[in-house]
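Visitor: Could you walk me through this model and tell me what lies behind the labels you use?
Guide: Gladly; have a look first.

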Amino acid sequence: MMRLAVPLLALIAVALAAPRVSAEDSGTLHVVIDNARSARGNIHVDICPQANFLSKCPYSAEAAARKGRVEVVVHGVPPGRYAAQITHDENGNKKVDRGLLGIPREGIGFSNNVRVRFRAPRFAEAAFEVTGGRQSISVRLQYFGGSGS
């Protein structure tokens, strides 16, 4: 019995000492997206820690597309360092359609307005701090041709 009690007490002590992220600490991130080329489909926002950048991210939201400016609100983002990746899914197929050489046919954007040229952006280029509470960032979509679907 004593052999079980010591590890259990150690586990409880570690759990109590661990920093906690409460609902009050979590942030509400308002992402203002400019340059949407059409009102077709949705604007999807992913908020990614470094380990998930350019893949499936733990915090996301979307809104109906509008030509020009769209705001997407992502709730429950704990304080930390993140990068935002935004897509304009014009045809509603839940993916970024690509053309020749993998070039996106739908709009994409990244925090800090990192421009995509001949490679994907690096996390460090797009990274920003979420401090909790209400926070806003702006991102401009870029398109590489094609009229969308």
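This is a predicted model: local features need pLDDT of at least 70, side-chain atom pairs count only at pLDDT 80 or more; totals for chains, interfaces and linings use all residues.

Visitor: How many aromatic pairs does the structure hold?
Guide: There are three aromatic pairs.

Visitor: Why is the pair of Phe53 and Phe110 called edge-to-face?
Guide: Rings of Phe, Tyr and Trp (its six-membered ring) pair if their centres lie within 6.5 Å; planes under 30 degrees apart count as stacked, over 60 as edge-to-face and the rest as tilted. The centres of Phe53 and Phe110 are 6.0 Å apart and the planes stand at 70°, so this pair is edge-to-face. Phe53 sits in the loop between β2 (42-48) and β3 (59-64), and Phe110 in strand β6 (residues 108-110), 57 residues apart. Strands here are DSSP runs of E with at least two residues, helices runs of H or I with at least four, numbered from the N terminus.

Visitor: What makes Phe53 buried?
Guide: Buried means under 20% relative accessible area, exposed over 50%, and partly exposed in between (1.4 Å probe, protein chains only). Phe53 has 12% relative accessibility, so Phe53 counts as buried. Phe110, at 8%, is therefore buried as well.

Visitor: Why is the pair of Phe53 and Phe123 edge-to-face?
Guide: The ring centres of Phe53 and Phe123 are 5.7 Å apart with planes at 75°, so the label is edge-to-face. Phe123 belongs to helix α2 (residues 123-126), so this pair ties together parts 70 residues apart in sequence. Phe53, Phe110 and Phe123 form one aromatic cluster.

Visitor: How do you know that Gln142 is buried?
Guide: Its relative accessibility is 5%, so Gln142 counts as buried. Gln142 lies in the segment after β8, and its side chain reaches the backbone nitrogen of Val116 at 2.9 Å.

Visitor: What makes Phe144 partly exposed?
Guide: Phe144 has a relative accessibility of 32%, so the label is partly exposed. Phe144 is in the segment after β8 (133-140). Together with Leu100, Leu101 and Ile103, Phe144 makes a nonpolar surface patch of about 470 Å². Patches are made of residues with over 30% relative accessible area and no salt bridge, like charges being joined within 9 Å and nonpolar side chains (Val, Leu, Ile, Met, Phe, Trp, Tyr) within 5 Å. A salt bridge is a side-chain nitrogen of Lys or Arg within 4 Å of a carboxyl oxygen of Asp or Glu.

Technical notes
Residues are numbered from 1 along each chain as its sequence is written. Side-chain values use heavy atoms; hydrogens and water are left out. Accessible areas come from the Shrake-Rupley method with a 1.4 Å probe; for residues, only the protein chains shown count as cover. A polar contact is a pair of N or O atoms within 3.5 Å; within protein, one must be able to donate a hydrogen and the other to accept it, and residues adjacent in sequence count only if both atoms are side-chain atoms.
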